[in-house]
Amino acid sequence: MADPYQNNVYHQGGGDSYRTYGKGGDQDGYGYQADYPPQEEDAASDVTEGHDEEDQMYEGEYQGIPHPDEVKAAQRAARAKTRAAGSAVSELEELSEQYEDIMEDCGHGKFQWTLFVVLGLALMADGVECFVVAFVLPSAEKDLCLSNAEKGMLGLMVFLSMMVGAFLWGGLADKVGRRRCLVVALAINCIFAFLSSFAQGYGFFLFFRLLSGIGIGGTVPIVYSYFSEFLQMDKRGEHLSWLCMFWMIGGIYASFTAWGIIPRYGWGFSMGTEFQFHSWRVFVLVAALPAIASLVGLTFMPESPRFLLENAKHDEAWMILKQVHDTNWRAKGQPEKVFTVTHIKAPKTAEDEFIEIQSATGTPVQRWAVRSLTLCKLVLRNVASLLSAELRFATLFMAIIWFCMAFSYYGLSVWFPDMIKHLQYEEYVSKVKVFHKERVVNFHFNFSLENQIHKEGEYIQDEFISIEMKSVKFEDSLFENCRFEDIKSTDTVFENCTIRSTVFRNTDLGEEKFINCKMENTSFEHNKTGCHLDTVEENDDLIYLVSFLGSLAVLPGNIISALFMEKIGRVKIIGGSMLISAGCTFFLFLSFSQSAIIALQCLFCGVSVAAWNGIEVVTVELYPASKRATAFGVLNALCKLAAVLGSSIFASFVGVSKAVPILLSFAALVCGGLVALKLPDTREKILQ
């Protein structure tokens with residue numbers, strides 16, 4: 001069978017051949033010359049009339065500053081000279097260099113800034129997701145009757161689901177498309193986040209948050225891969241670092257909205273006892289707004305042209321690149337600037353042909369099954385290729401850096417608030433009031449009891465009516481002819497008590513509150529079952545304040561890393577930031593107060609964010625376009641696994657030992673920082 005593109009082959013001196021854009025004839029590529037008919041030499045358009053380029057003086061000429069166009073031309077000439085002096089380049093290297101030239105011609109302007117905001121909102125949604133469960137748990141645990149094990153499982157499943165999402169969507173984005181996968185992932189997140197806010201039981205809430213996490217888990221690998229393919233080399237590091245700021249904005253947004261919504265219990269409503277919609281559920285809905293906004297914005301954004309070229313979709317890629325070019329130059333006041341690219345060299349891969357061949361036969365169900373199976377094989381093959389000879393060391397080094405950074409960062413992110421809670425609890429316990437052998441007869445308790453221990457007391461014909469008991473313990477006490485009615489309790493127990501002729505009416509004092517107690521002629525009437533959200537504030541404002549300040553502290557580090565990413569280099573920023581962060585961990589030995597812990601958290605977050613920015617930029621630049629999202633997804637999934645391990649290990653030592661978390665985080669950061677210094681410098685590397 002004759003090759004339909006037989007006439008469209010670009011021949012290089014080394015004998016390599018490249019498929020070119022468009023249909024052939026006597027020329028190498030199809031240049032869409034009909035769109036721009038040739039003009040006579042003395043002809044001028046209405047736009048350029050009266051403007052002679054030779055008469056216009058470049059303002060930097062007198063200072064000896066070369067014109068930007070001259071700099072670009074020199075860079076291209078240097079690349080061409082290097083290519084000519086060396087051995088024959090591969091098809092993908094040729095495509096990479098040509099694509100870089102095209103992006104330089106397109107410039108950086110309105111299109112990239114619009115995409116920056118849209119993708120930033122998606123990254124912001126990922127940042128919000130990491131805080132949602134932590135903020136709603138103090139209220140949701142009462143509303144959904146959560147035990148400590150169920151609360152731990154809920155926090156664990158969020159990170160595990162994001163790990164699955166990163167691996168899944170990262171792999172698919174290299175085979176299906178960046179924009180397409182990001183749209184589906186965000187849609188899944190929005191749908192199931194919405195459903196989770198209405199879930200009345202723990203099982204459904206966990207299931208919906210699990211699926212929501214799988215959706216949002218794909219945003220980070222896709223967003224960075226997608227945006228990087230619209231950036232030229234000298235803009236890449238800086239603008240990818242600016243993009244990282246949206247994760248910080250997500251943390252600020254989550255803590256600020258949670259602070260303003262969750263304590264407002266009157267914002268909810270109920271429909272009998274079967275359906276409750278409290279304020280924390282309103283927060284879950286509000287937390288999904290960044291994802292919804294990004295989803296709407298993506299409907300106006302095109303697919304990555306680099307992905308399309310990798311998959312031999314030349315027409316679509318050319319039209320998108322022309323759109324980028326025209327959008328930027330029109331916004332700069334130069335609509336007359338013409339997109340001069342006539343052909344793009346992009347080979348068609350055998351993998352795509354295989355899918356097309358399989359799609360041409362069988363029933364729709366068979367075609368779907370074959371496509372799905374083939375897609376899975378291609379994704380897994382792409383994952384396996386990360387350990388090929390040319391990528392093995394890069395993948396190993398990046399895996400160590402990602403794991404060490406995430407283990408320390410997320411571990412300490414849990415350790416900081418847990419330590420604050422522990423200090424609060426110690427201070428609370430230190431103020432406990434102890435009553436020993438008190439005897440109370442015919443007394444009406446109409447005031448709340450809090451943080452008290454009553455030992456060997458006697459309570460005869462007393463009434464406990466419409467009060468709250470918080471952190472109250474009765475030991476070896478006697479209750480005779482007493483009445484408990486309309487009682488709300490928290491951390492209240494009766495241990496080794498004797499209770500005679502006593503009535504409990506409309507209370508939440510269940511069997512679990514009575515430990516080794518002797519009951520004689522005692523009745524429970526209309527006892528409360530299940531969990532009920534109290535009307536008093538159950539959330540400590542300090543939780544929101546700590547998260548807010550920790551997110552805000554990232555701002556200086558973000559700005560500095562963005563401004564110096566190109567000047568200092570990614571490797572030095574990663575290694576230096578991780579080693580400085582390691583040094584900061586020793587200050588944690590001084591964390592004896594809540595204010596000290598908050599200050600140390602802000603210091604650690606502000607320094608470590610520079611390392612995160614560098615890690616994400618290098619991950620994008622080390623891998624070729626056909627494996628970029630896959631590699632980012634695998635490494636981000638490893639990051640989530642490290643987050644689970646770090647948070648679990650560090651939390652277990654709260655109140656037990658400071659030394660273990662501090663030494664673990666120090667060792668992880670030093671290890672990651674030293675490995676980072678072995679990475680190649682990718683500042684002047686063309687995006688493969």
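Predicted model: local features only at pLDDT ≥ 70, side-chain atom pairs only at ≥ 80, totals over all residues.

User: How many disulfides does the count come to?
Analyst: A disulfide needs two cysteine sulfur atoms within 2.5 Å. The sulfur of Cys 404 has its closest cysteine sulfur in Cys 671, at 4.0 Å, which is too far for a bond. By this rule the number of disulfides is zero.

User: Is Cys 404 buried or exposed?
Analyst: Buried means under 20% relative accessible area. The relative accessible area of Cys 404 is 9%, so Cys 404 is buried.

User: What is the relative accessibility of Cys 584, and which class does Cys 584 fall in?
Analyst: The cut-off for a buried residue is again under 20%. Cys 584 has a relative accessibility of 11% and therefore counts as buried.

User: Which residues is Thr 395 in contact with, leaving aside its neighbours within four places in sequence?
Analyst: Thr 395 lies in helix H15, which covers residues 392–430. With a relative accessibility of 11%, Thr 395 counts as buried. Once neighbours within four places in sequence are left aside, its contacts are Leu 386, Leu 387, Tyr 623 and Leu 635.

User: How many residues of helix H7 are buried?
Analyst: Helix H7 spans residues 219–228 and is mostly covered. Its buried residues are Thr 219, Val 220, Pro 221, Ile 222, Val 223, Tyr 224, Ser 225, Tyr 226, Phe 227 and Ser 228. The number of buried residues in H7 is ten of ten.

User: Which element gives the most residues to the lining of the largest cavity?
Analyst: The count of cavities of 30 Å³ or more comes to two, and the largest holds about 70 Å³ of space. Helices H3 (110–143), H5 (178–198), H6 (202–216) and H9 (279–287) each give two or more residues to its lining. With four residues, the one that gives the most is H3.

User: How do the lining residues of the largest cavity divide into nonpolar, polar and charged?
Analyst: The lining consists of Ala 125, Val 128, Glu 129, Val 132, Asn 189, Ala 193, Arg 209, Ile 216, Val 284, Ala 287, Ala 288 and Ala 291. Glu and Arg count as charged, and Ala, Val and Ile as nonpolar. The division is nine nonpolar, one polar and two charged.

User: Which helix gives the most to the lining of the second largest cavity?
Analyst: The second largest cavity has a volume of about 40 Å³. Among its lining residues are Ser 96, Tyr 99, Glu 100, Met 103, Arg 306 and Leu 687. By class, the lining has five nonpolar, three polar and three charged residues. The helix that gives the most, with four residues, is H2 (residues 91–106).

User: How many bridges join strand E8 to strand E11?
Analyst: Strand E8 covers residues 449–455 and is joined to E5 (residues 433–436) by four bridges, the two running parallel. In that pairing Phe 435 stands opposite His 454. E8 also runs parallel to E11 (residues 468–475), where Gln 452 stands opposite Val 472. The number of bridges between E8 and E11 is six.

User: What share of the residues in the protein is buried?
Analyst: The protein has 21 helices and 19 strands. Of its contacts with a separation of 6 or more, 66% are between residues 24 or more positions apart. Among the 688 residues, the buried share is 48%.

Conventions
Residues numbered from 1 in each chain as written. Heavy atoms only, no water. 1 Å grid on protein atoms, 1.4 Å probe; cavity = no way out; pocket = protein on both sides within 12 Å on 5 of 7 lines; lining within 4 Å. Points joined across faces, edges and corners; volume = space filled by probe spheres on them. Pairing = 2+ DSSP bridges. Buried < 20%, exposed > 50% of the residue type's maximum accessible area, 1.4 Å probe, protein only. Contact = heavy atoms within 4.5 Å.
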